[in-house]
Amino acid sequence: MASGDRVRVRGLSIFRPIIYGNTATVLTQKERETLPSPDHTHRWTVAVRSAASAPDSEQVGGADDLSYFVKRVTFKLHDTYTNPTRNIDKPPFEVSETGWGEFEIQIRIAFISESGEKPMLLYHHLKLHPWTASGDPEIPPLDVAIKQGPVHSWQYDEIVFNDPYQNFLNLLTSHPPTPLPKIKKRPVPFHLAHPASLEASKGGVPEFNVSMEKEEAERMEEARKKVIAEQDKWRAKLIEKEKELEKMKKVLEQLS
Amino acid sequence: MAASAADVRSILAIPDPAPKAGPSKPKKAQTAAAIRKQEGITREVQGLIGGSAAGLAVQYAKPRLKQKPNLGGSGKTHWELRAFKNKGRSDDLELKHWVKSTTDPTAGYPFAKYNIQSTSYTYSQDEYTRFLDDREWTKEETDYLFSIVREYDTRWYIIHDSYDYPGGMPRTLEDLKDRYYSVCRKLVRNRPWAGDEISKNQLIQSFQFDKDRELTRKKYLLSLENRTQEQIVEEEALYIEIKRLEQNERKFKKERDDLLRTLAGVDSGLPDIIEDDGTPLGITGDAKRKKKGGTAMDIDSPATPSVASIATPVVKRPQTARNAAYDAQHCIIRTDPPLTSSATKAAHQPAYLRSFKLPVPKAAIAPKITQALAELGISHSRLVMPTKDNCVQLEALLDATTALVETKRLVDKVQADIDVIKEQIALREGRGMEGTTEPSVALDAMEMDDTNEVEAEPEGEDGRAQSVVSTRSVRSRKQTRRSMSISSVDTTATVSTRAGTKRKR
């Protein structure tokens, strides 16, 4: 390895879009009977994948293989599972299990040694029951849930590397990520931060797309405008009140 | 071939056999009859092309002349005396004016739209102390300035003329303008802005005022105006002289270039090379070549070593579209490398997820912000797509919301102060009417009661921060309690001083 490779490229950050989360399906009675633990009601898969979905694939995201910069993903499941800590060293970085309850999964992403970066910790709440607009956890009976199809809970995020080493940067740039589709072709993944997307999230395997980002930016822009309009109103009120206060003070001075 | 004889005669410059002086009526009549007068061709052209070019003449259409303007000659216009109201006026004054009867009677007064109010800026006490504090100006005088600017609608000469702040120092027109515009700039810059950066900068630009420059400009103008007649004459003479010199030089240069070109041919080169007088022409080429070589070396030699000495790879800013596309494809974001950090290796920011860096509101007002944003359907703690742009957007939103919550809090505070003062006024007025006949024992007790209550006030304020509803209840409770304790002079004195200190905090 040339010494020039271990030089940090200053003033540059490079990021990789990923998604993490889970997909869950309700087990049929037959399937449940074959299981070692018949009280399990769902089969779920928790995974870390690239954000873009492969065309015609039946899963969310995962168009690119992340192993060019991810060395290992460790999923820490609930303690009641056998071997709760699952190390995944090759793609796909995912764990499939059956279960009956939702819990927090700790996900630890370790990067390849060229990155010189420490592992990263994130958390995902395993989602088994269908989304509701209000976000309230109301659990429908299984036979209702099974009709609604698989439950998807995915979070988009970007792993940012600051001032990467030259060789790591070369490695990353030799694997450009598949860009997200510009327009919505499939349902959007539901997210609690945007409850209105519930309708748009129905009807098949969701896919992340670029317009989601724009829509969110617009939502925030709208909100900001409203806040500022409100702020102007309140400022006017404040100034008015201050004037009133001044007047009152003068009145008081005259009285005393 | 009809006019061949005449043609030959004219070519050979032989005078026409027909006497020139004598009228040749019959001939003329003949030609006139033969050649139909073509429409749209001047007489001279007609004469030139003669009858032979009839085909050509067909191509000439009658030129389309501009239509004569109809100067109202077509008919009489009816004017009517109609009453109208100017919407620009605040009073309902009705005046009459003459209008054409054809105008729409329902249309408003056309000049009303010119009555526009310039946006006047106001600021709160808090904004003043944070951004607008100035050693030269007190808040009262700034208030006065803004009120007078509003009154005279930023007509600065009038403002300056009638500016009379009691007890203030004398202000020049530039002082006033400088203060006014700097306050406006600061307000625009520091307040949350609803639009984009460009429009904000444009607005700030419109409030730009450089006092020193303005003063210098006026000084120049003044000195220009104050020249005496002799000075003007001398200046003009000098101006003419310099023009003459310039022209001479140009002429001289041109002549020398011409000379060079004739002597040295193409080698002499560019016309803008000016050689010193008396330089022998033979060596000019050499001198030039030497000069060229020298400069080239000069350009090359100095900079190179310093560039080479930089060890870390220098990332050039991508400006071309290709680079931008490359960066977008590979998700690369470039920033200017900090010049200082290259030496300190330890300060490396480890890899992170974008969502780790979401802005967090101040803990004290976090619940209020969460509540406000929830009303707008935004979650401040998570984003669907935490991209770079969205994180920035969220931060702007949080800033705006923080400002809003702060303002609301201030309004509550001022309202509380107003309530306190109202109580005091009511108290004094009440006392004035009733006269003091209260027993002194009760007075002491009341005093203690009231101080206790004031002591408890800060907690009440904290409670107010929780929610708007509870604020009102706190305030109303306080009001009722206070109205119970309407009593004495001493109590009010303690309250007012306490209110004063509280406001400062």
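These legends describe close-up views of a predicted model. Local features need pLDDT of at least 70, side-chain atom pairs count only at pLDDT 80 or more, and totals for chains, interfaces and linings use all residues. Residues are numbered from 1 along each chain as its sequence is written, chains are lettered from A and ligands numbered from 1 in the order in which they are written, and side-chain values use heavy atoms, leaving out hydrogens and water.

**View 1. Chain A as a whole.** Chain A holds four helices and eight strands. Helices (H or I, at least four residues) and strands (E, at least two) are DSSP runs, numbered from the N terminus. Read from that end, the order is β-α-β-β-β-β-β-β-α-β-α-α. Chain A has 256 residues, and 53% of them count as buried. Buried means under 20% relative accessible area, exposed over 50%, and partly exposed in between (1.4 Å probe, protein chains only). Take the contacts in chain A between residues at least 6 apart in sequence: 66% join residues at least 24 apart. A contact means heavy atoms within 4.5 Å.

**View 2. A cis peptide bond in chain A.** The bond runs from A:Pro91 to A:Pro92. Its omega is near -5 degrees. A:Pro92 sits in the loop between strand E4 (85-88) and strand E5 (94-99).

View 3. Phi of A:Asp163 is near 40 degrees, and the residue is not glycine. A:Asp163 counts as buried because its relative accessible area is 16%.

**View 4. B:Asp153, a positive phi in chain B.** Here phi is near 55 degrees, again in a residue other than glycine. B:Asp153 lies in the loop between helix H6 (139-151) and helix H7 (156-162). Its relative accessibility is 25%, so B:Asp153 counts as partly exposed.

**View 5. A nonpolar surface patch on chain B.** B:Val8, B:Ile11, B:Leu12 and B:Ile14 make a patch of about 410 Å². Patches are made of residues with over 30% relative accessible area and no salt bridge; like charges are joined within 9 Å, and nonpolar side chains (Val, Leu, Ile, Met, Phe, Trp, Tyr) within 5 Å. A salt bridge is a side-chain nitrogen of Lys or Arg within 4 Å of a carboxyl oxygen of Asp or Glu. Areas come from the Shrake-Rupley method with a 1.4 Å probe; for residues, only the protein chains shown count as cover. B:Ile11 belongs to helix H1 (residues 4-11). B:Ile11 counts as exposed because its relative accessibility is 68%.
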